[in-house]
Structure formats: structure tokens, C-alpha cells
Amino acid sequence: MALMITDECINCDVCEPECPNHAISQGAEIYEIDPELCTECVGHFNEPQCQQVCPVDCIPLDPDRKESKETLMDRYIRITAKA
Ligand code: SF4
Ligand code: SF4
């Protein structure tokens, strides 16, 4: 499952540099996660790094994007191969 940022985001910019996949960016109003780049940090870390640092706890799993560990690992491999 990719993660998503809710409208409780206060634009503090703490999460963006923590993402190993560069999936987080400033959107029109709040920060956003590109689901095509988010691996839940699979391949890099045991825990989603953005969730760990968000001061207002506004980065839940996106219920519309349920993905298996294998799918996330495949994405990690694809992203790192491109890098
Ligand atoms: Fe980036 Fe990991 Fe957060 Fe996904 S869970 S947006 S890969 S820091
Ligand atoms: Fe928004 Fe949380 Fe990221 Fe700060 S850490 S920009 S509040 S999502």
C-alpha cells in the first residue's frame, strides 16, 4: 500500500527529505506522495520514514492502494534500477 498525506498536513517539509524514493513533493496546497514511487520504504527501511517524522501524524496507508510486499519490492527494484 502506498501512503497518503491527509489535509491535516501543516506543510512543515520534514518528511520530504526523508523519503528514499523521492516520492514526496509540495503539492498545490499540501505535500503529496506519488504512489508510483512510494514503496512503504520496502527495500530501504523497516518502517515508513515519512510516518516516523511527521509531527501531526497525517500520513496513513492509502486504503485504495492495497499492495503486497512483493509488489512493493518489485517497485523498489524498478526505481533503483532507473536511478
Ligand atoms: Fe517515501 Fe517511504 Fe513515505 Fe513512501 S513510505 S512516501 S517511500 S518515505
Ligand atoms: Fe505535512 Fe507531515 Fe510532511 Fe510535515 S511531515 S509536510 S505535516 S505530511
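I counted two helices and two strands in the protein chain; these are DSSP runs numbered from the N terminus, helices being H or I with at least four residues and strands E with at least two. The model is predicted, so local features need pLDDT of at least 70 and side-chain atom pairs pLDDT 80 or more, while totals for chains, interfaces and linings use all residues. Residues are numbered from 1 along each chain, chains are lettered from A and ligands numbered from 1 as written, and side-chain values use heavy atoms without hydrogens or water.

I read the element order as β-β-α-α from the N terminus. I then checked burial: 40% of the 83 residues count as buried (under 20% relative accessible area; exposed is over 50%, partly exposed in between; 1.4 Å probe, protein chains only).

I turned to helix 2, residues 69–82. Its buried residues are Leu72, Arg75, Tyr76 and Ile79. Glu70 and Ala81 are exposed on the face turned away from the buried side.

I looked at ligand 1 next. Its surroundings include Cys19, Cys38, Cys41 and Cys50 (near means a heavy atom within 4 Å). By class, I noted nine nonpolar, two polar and one charged residues (Ala, Val, Leu, Ile, Met, Phe, Trp, Tyr, Cys and Pro are nonpolar; Asp, Glu, Lys and Arg charged; the others, Gly among them, polar).

Around ligand 2 I found 13 residues, with Cys9, Cys12, Asp13, Cys15 and Cys54 nearest. That shell divides into 11 nonpolar, one polar and one charged.

Technical notes
The expected span of a helix is 1.5 Å times one less than its number of residues.
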